[in-house]
Protein chains: 2
Amino acid sequence: MNIACLDFEGVLIPEIWVGLAERTGIEELRATTREVPDYDQLMRQRLAVMKTHGLGLKDIQAAADALEPLPRALDFLNWLRTEYQVAIVSDTFYELAMPLVRKLGYPTLLCHKLQVGADGMIAGYTLRQPNPKRHAVLGFKSMQYKVMATGDSYNDVPMLREADRGWFFGPPDNVCRDHPDIPPVFGYDELKAVLLQAKRDFS
Amino acid sequence: MNIACLDFEGVLIPEIWVGLAERTGIEELRATTREVPDYDQLMRQRLAVMKTHGLGLKDIQAAADALEPLPRALDFLNWLRTEYQVAIVSDTFYELAMPLVRKLGYPTLLCHKLQVGADGMIAGYTLRQPNPKRHAVLGFKSMQYKVMATGDSYNDVPMLREADRGWFFGPPDNVCRDHPDIPPVFGYDELKAVLLQAKRDFS
């Protein structure tokens, strides 16, 4: 019995914080896990920039609301749901992700929570647990699932290594170069092909 | 962060094997986990009856295809998806459940697999693991989720006891009587109310 664990941003949806950067014109908000491998450092940096510019939860929620899933993402996901059980395993936050989850027909999403002050400003964030993507895979393995996983960036590496099969999805060159043992796939057609092969191999 | 684990038959959909009993007129197929607490015994009994009557996978799949979710089940599930992450935790089989999963918009389903012979007859079944419903709860707990669970029968008891909060959903008298410490709820409105209260309590 098989489950597919998909990273969210970069696999099914655009980068939410890049959307905020474009909406606000604040270039410092463009950084993602592709450039800053340490997620805590990245989030501290993002929240400091938001504070400086007086941006609160409603601003980043508006940026998230304005985004659409990547082209063909919903078709891919709907196909995948007929072949695999699916869980989105992401380092995003429920408060930002839910409009996009709705647009994708409410797949199960495992991610984190923001801490929002009474003034609507983001006071901090609560990671669900250390190494959350790897623990998601371990959790499904403890339920005796074979886990196939894909993601596009450094924070996906522990998930891809722990999974029974893991692939980078459209990764940038630096991510590939730093982890040459993790095979990359490009585009949904190639991802479908490796997922179908894995399903046959584990049946 | 919270997840709701729902039993499938009796909570969101009718009993699939009762549907087969009605379609075929074979009364012995009416037994469910409500009457036969030992699931292995129940499944051996069902498969023996199917063999005697020459019924194969296509017959029970046709019975499953003909079923619809319970009245208001889709509305309830769509509401729940906006309030909780959701996993269906069932002792059914993927081969039978998928038409009903489709009708409910593909929620994540954790269940089992049938073994089907080349002749289309059901040769047996593979339970994902011993005590699968309890292990599903433990798996989500290992991902640091608070788990709320509901189900209508004996096989749900280990899940309801392991969950942070667990309720019987519209249980028959014998199930309630045998487990008086597990609170029952009746109908989706009452289930919504306890789930919302639990969400507040764990936030």
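Modeller: The side chains of A:Asp152 and A:Arg34 meet in a salt bridge, with 3.0 Å from N to O; the term stands for a side-chain nitrogen of Lys or Arg within 4 Å of a carboxyl oxygen of Asp or Glu. Side chains of opposite charge can pair when their charged atoms come close. This is a predicted model, in which local features need pLDDT of at least 70 and side-chain atom pairs count only at pLDDT 80 or more, while totals for chains, interfaces and linings use all residues. Residues are numbered from 1 along each chain as its sequence is written, chains are lettered from A and ligands numbered from 1 in the order in which they are written, and side-chain values use heavy atoms, with hydrogens and water left out.

Chain A is divided into domain 1 (2-12 + 71-201) and domain 2 (16-65), with bounds that come from an automatic or database domain assignment. The C-alpha centres of these two domains of chain A lie 20 Å apart. Where they touch, 24 residues of domain 1 of chain A are in contact with 19 residues of domain 2 of chain A (contact means heavy atoms within 4.5 Å). Together they bury about 1,900 Å², and carbon and sulfur atoms give 63% of that area (the accessible area, with a 1.4 Å probe, that two parts lose on being put together, summed over both). On the side of domain 1 of chain A, the three residues A:Leu96, A:Ile122 and A:Tyr125 supply 29% of the area buried against domain 2 of chain A, more than any other three residues.

Across this interface of domain 1 and domain 2 of chain A the rule finds 1 salt bridge, and it also finds 12 residue pairs in polar contact, both residues being at pLDDT 80 or more (a polar contact is a pair of N or O atoms within 3.5 Å; within protein, one must be able to donate a hydrogen and the other to accept it, and residues adjacent in sequence count only if both atoms are side-chain atoms). The elements of chain A that give two or more residues to the side of domain 1 touching domain 2 are strand 2 (85-93), helix 5 (94-103), strand 3 (109-116) and strand 4 (122-126) (helices, H or I with at least four residues, and strands, E with at least two, are DSSP runs numbered from the N terminus). Helix 5 of chain A gives the most to that side, with 5 residues. By class, the side of domain 1 of chain A that touches domain 2 of chain A has 12 nonpolar, 7 polar and 5 charged residues (Ala, Val, Leu, Ile, Met, Phe, Trp, Tyr, Cys and Pro count as nonpolar, Asp, Glu, Lys and Arg as charged, and the others, Gly among them, as polar).

Salt bridges also occur elsewhere, for the structure holds 26 of them over all chains. One pair is A:Arg161 with A:Asp181, whose closest N and O atoms are 2.3 Å apart. A:Arg161 lies in helix 7 (residues 157-162) of chain A and A:Asp181 in the loop between helix 8 (173-178) and strand 7 (184-185) of chain A, so the pair ties together parts that are 20 residues apart in sequence. Another aspartate, A:Asp189, has its place in helix 9 (residues 188-201) of chain A, and a polar contact of 3.0 Å joins the side chains of A:Asp189 and A:Arg72.

The area buried between chain B and chain A is about 2,400 Å², and carbon and sulfur atoms give 61% of it. B:Met1, B:Gln85 and B:Met143 supply 28% of the area that chain B buries against chain A, more than any other three residues. Across this interface of chain B and chain A the rule finds 0 salt bridges, whereas the count there is 13 residue pairs in polar contact, both at pLDDT 80 or more.
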